[in-house]
Structure formats: C-alpha cells, structure tokens
Amino acid sequence: MKATLEIINQMQTDGIIGKYAIGGAVGATFYLEPAATLDVDIFVMLPQTLQSKLLSLAPIYEYLKARGFKVEKEHIVIGDWPVQFLPPSNDLEREALAGAVETEVEGVKTWVMTAEHLVAIALNTARPKDHARILQFLEQKVVNADKLNHILIGHGLVLKWNRFQDRYLDKDTNG
Amino acid sequence: MGNGSGSSKQDRRKRLASLSFSEKVKILEKLRDRSKKIAASRSKPARALDKPQ
C-alpha cells in the first residue's frame, strides 16, 4: 500500500488529480477491524482545468499507463493493489472528500473519509455488504451520532436511515 | 467449532480495530493475497486423478 499511495501522491503533486480520499472497505478499515477486500476505492477530485472540460478519468489512465501500470477492467494496478478512481457522483461524496481526515500508512501521508461519511455513503449505496459495514461501524461505536444525523439530514437520507433501523436495529439501541 | 466465546470474539475485533492503520493495512494485504490464492486454486482444472471414474 505504501508504494500505491506514493504514486497517488505523486499524481497529486503533478496536477493529475486534486484532493483524494480512501473510501470503501479500505477506508472503513481505518476505523474497524480489517475485512478482506481485493481493491482500493480512491475518491478523487479532478483538477479545475480538467473539470472544465468533459469529466473524464482519461488523464489519470494516460498518466499511469505511460508509467507502465496496467489496467484491469475498471482498476489500475498500482504497486500490488488494484485501484479504482472514483470522481464524486453526488454532493454527499463531494462533502466526504472535502472532509476527509489526514493520516499515514508506513510514513506516507494520505486521507480517509470520516466514519460518518463512510456510513452515509454505505447507506446510500445500500448493497448487502454496505449494510453489513454500517452494522460494524455501529457495533464498534466509532460513529458520532450528531455528526451522522447532520449528514443524513443534509443529504436527504433520513428516510433510508429509518428503514435501515427498522430492518436491522433494536429500537432501544439505535439512539 | 469456535474456540472462544462471543465476548472473546468481540475483544479480538476491538483489539484489531485498535491497531494502527499501517498495521491494519498489512493485515488487509495478507487477507487479499489469501483470497487471491483461494480464487486461483478454484479456477485450476481438475487433475486426472481427481476426476470421477
């Protein structure tokens, strides 16, 4: 992962990407016990000059392919991790990217989405594995309820959250 | 089959969650490599001796 993040940071220095943050299962691992995953989700802002044209990941692919990195379906293998670059697809993901927390992996600086944003994105995505991950966050008590409520209200997710609670949580344990 | 109670599993999960991100990423890499090996072994064709008569 160290080599992977070094390359991604270099892409940022070279202006190929703007701010980025680790999301998905690897992002969740910042807060939870590690759970098997085969790839890394990197949410990424494209620089303004690139965004003014059609939103495209082509510059990222061109940059990496020119340096010998291989494309495997929707991933690019950097170091020994398949990486999926994901421009934010809605305001929730944009906010999550902007609010990501700085950390490091083996001395390499990086950013991870907050626990509350990871939960909100998982709720919005709503696959079975996303629901399982939300339950892990709640069981480990790493979510600030006030912050999560603020995000849920701000992004119209309260109804989804209520349905999630009805389905998976005891009424007296969900705050 | 389990070798511990529910509370010891919970303790183990808490202990793993409290590791540094670097340590957890190393575990993720081991889990990923194990998953890839399992997937590769499943995709190998059966050897002649393994085939049903």
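**Note on chain B and its salt bridges**

1. In this predicted model, D33(B) and R32(B) form a salt bridge, with 3.0 Å between the closest N and O atoms. A salt bridge here is a side-chain nitrogen of Lys or Arg within 4 Å of a carboxyl oxygen of Asp or Glu. R32(B) is buried at 1% relative accessibility, while D33(B) is partly exposed at 34%. Buried means under 20% relative accessible area, exposed over 50%, and partly exposed in between (1.4 Å probe, protein chains only).

2. Salt bridges with shared partners link E33(A), E139(A) and R13(B) into one network. Within it, E139(A) and R13(B) pair at 3.3 Å, N to O. This pair runs between chains, from helix α7 (residues 128–139) of chain A to helix α1 (residues 6–17) of chain B. E139(A) is partly exposed at 39%, and R13(B) is partly exposed at 21%.

3. In chain A, D130(A) pairs with R127(A) at 2.7 Å between the closest N and O atoms. D130(A) is buried at 3%; R127(A) is partly exposed at 40%. Over all chains, the structure has six salt bridges.

4. Chain B contains two helices and zero strands. Helices (H or I, at least four residues) and strands (E, at least two) are DSSP runs, numbered from the N terminus. Of the 53 residues in chain B, 19% are buried.

5. On conventions: residues are numbered from 1 along each chain as its sequence is written, and chains are lettered from A in the order in which they are written. Local features need pLDDT of at least 70 and side-chain atom pairs pLDDT 80 or more, while totals for chains use all residues; side-chain values use heavy atoms, without hydrogens and water.
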